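Subject: Structure handover

Hello,

Here is the structure I said I would pass on. Please open it first, then read the notes below.

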Amino acid sequence: GLWISYDNAKTFSQWTNGYPSVSTYDLAIQEREADLVIATFGRALWVMDDIRPLRTFAAANGAVPTKKLTMFEPPVAYQASVKNAPGYEWSTWGLYEGENRRRGAMLSYFVKPADSKDTSKQKMDSAWFKVFDEQNKQIRSYKVKADTGFNRIYWGFETKGNRRPGSPKPRPGAPEPFGGMDVFPGTYKVVVSLGKEADSTMVVVKADPRIETKKEIYDAKKKMVDRLQMSSDKLTEAVDRITEAEEAIAKVENSLRGVEGKEADSLRKTGTAIKAEIKKIRESIFGRNATDRQGITRFADITTSSILQNASGEIMRKIAAPTTQTERLVTDAEAAVKESIKKINEFIDGKWKAYRTQAEATPMKLFKDYKPIE
């Protein structure tokens, strides 16, 4: 195995974080990256990225930091462009190759173990990460698991995300949904907080040196992404309304259990028709559900969602500024969203309003009747 000493070889402890207990034959430090390369039995190589946090401990002769939470200076992060080698189909894994370093900015921090004098009973097993740009504007936040001792996570350069149409509404305090457009190369501040404790560091993000990166191209793409996001946000709000309608129908149907009579039967029938209408609207936005049919099923429906995704992909896939083709796809997406919102508005103002009026006029069984217990 791999054994590490922080006190100039007086004591050693085994390093088991991702490293197996195998015969270890040789060690080499790559000083430029501060990486430790290990040669193991069977002619294998294993790389521990950025050992500078361990060196910091060794420089202090193994003394544990006094602070509850300590962040370490991260290495320079490169927005590397990676793709499969030509001639190999990705799903067959035709190449025998080592695992690359994970994409993103490598962020390391240390959580001081609680000592016997610590009377706090608060369990802190997760930390919040917040990223700020050069204008000190928060551009991303997310929650990660935090264990005592060394921790390492990766920020994938993404900015604040937005809810997608049809996704559940986030609960208060929930992490941001998904990830937005990647940041432009620069210097960013990262703050990690654990309970009432917090620490920060700066991370330098650089572009892939093989690819020319221009701010004007990035800004043009960002403007187009923001424009498309406005339509997506409107569609998200509209889909929320039909989702709430479905939830209301479920409550009505639950209240009608055990209720007999023409009025109740008529309301059930109307509710079934309303659900079919909502399904029809959903399919025009998201496509048909393949689970509704047996066997191998694949639908090539052109939906509002697919048109939005096609426009977004056109912007994000290319390293060039948006073209007339991009403008056309975004315009098509805006038109598709408007059409979907029109359908939802007509449904809410028409059939849904009539159903609500009928439901409010129908006597329902809200409470259960009980007989005296003898």
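In which strand of the protein chain is confidence lowest, and in which is it highest? The lowest value belongs to strand β5 (residues 44–48), with a mean of 89, and the highest to strand β13 (residues 197–207), at 96. Confidence here is pLDDT, the predictor's confidence in each residue, from 0 to 100. Over the protein chain the average pLDDT is 88, and 90% of the residues score at least 70. Helices (H or I, at least four residues) and strands (E, at least two) are DSSP runs, numbered from the N terminus.

The model is predicted, so local features need pLDDT of at least 70 and side-chain atom pairs count only at pLDDT 80 or more, while totals for chains, interfaces and linings use all residues. Residues are numbered from 1 along each chain as its sequence is written, and side-chain values use heavy atoms, with hydrogens and water left out.

The cavity

Rolling a probe the size of a water molecule over the atoms shows where empty space is left. On a 1 Å grid over the protein atoms alone, a cavity is a set of points where a 1.4 Å probe fits but cannot get out, and lining residues have an atom within 4 Å of a point. Grid points are joined across faces, edges and corners, and a volume is the space filled by probe spheres set on the points. The search of the whole structure gives 1 cavity of 30 Å³ or more. The space in the largest cavity comes to about 40 Å³. Its lining consists of Lys221, Glu314, Ile315, Lys318, Ala320, Ala321, Pro322, Thr323 and Thr326. By type, the lining of the largest cavity has 4 nonpolar, 2 polar and 3 charged residues. For this count, Ala, Val, Leu, Ile, Met, Phe, Trp, Tyr, Cys and Pro are nonpolar, Asp, Glu, Lys and Arg are charged, and the others, Gly among them, are polar.

Two buried residues

Two terms are needed from here on. Buried means under 20% relative accessible area, exposed over 50%, and partly exposed in between (1.4 Å probe, protein chains only). Contact, or touching, means heavy atoms within 4.5 Å.

Thr362 sits in the segment after α5 (324–361). Thr362 counts as buried because its relative accessibility is 9%. Its side chain reaches the backbone oxygen of Gln358 at 2.7 Å. With neighbours within four places in sequence left aside, Thr362 is in contact with Glu263, Ala264 and Leu267.

Ser141 is part of strand β10 (residues 138–145). Is Ser141 buried or exposed? Ser141 is buried, because its relative accessibility is 8%. Not counting residues up to four places away in sequence, Ser141 touches Trp128, Phe129, Lys130 and Glu176. Ser141 and Lys223 are 82 residues apart in sequence and 22 Å apart in space, C-alpha to C-alpha.

Lys189 belongs to strand β12. Lys189 counts as partly exposed because its relative accessibility is 30%. Along the chain Lys189 and Thr201 are 12 residues apart, and their C-alpha atoms are separated by 5.9 Å. Beyond four places in sequence, the residues that Lys189 touches include Thr201, Lys130 and Phe132.

Pro177 is in the loop between β11 (149–155) and β12 (186–194). With a relative accessible area of 25%, Pro177 is partly exposed. Pro177 touches Arg140, Gly161, Asn162 and Arg163, residues up to four places away in sequence not being counted.

Arg101 lies in the loop between β7 (77–79) and β8 (105–111). Its relative accessible area is 41%, so Arg101 is partly exposed. Which side chain does the side chain of Arg101 meet in a polar contact? The partner is the side chain of Asp35, at 3.2 Å. A polar contact is a pair of N or O atoms within 3.5 Å; within protein, one must be able to donate a hydrogen and the other to accept it, and residues adjacent in sequence count only if both atoms are side-chain atoms. Outside four places in sequence, Arg101 is in contact with Glu33, Asp35, Asp49 and Met106.

Positive phi

Asn8 is found in the loop between β1 (2–4) and β2 (13–15). Asn8 is not a glycine, yet its phi is positive, about 60°. Asn8 counts as exposed because its relative accessibility is 71%. Ala9 is in the loop between β1 and β2, and its phi is also positive, near 70°.

Regards

Technical notes
On a 1 Å grid over the protein atoms alone, a cavity is a set of points where a 1.4 Å probe fits but cannot get out, and a pocket is an open set with protein on both sides within 12 Å along at least five of seven lines; lining residues have an atom within 4 Å of a point.
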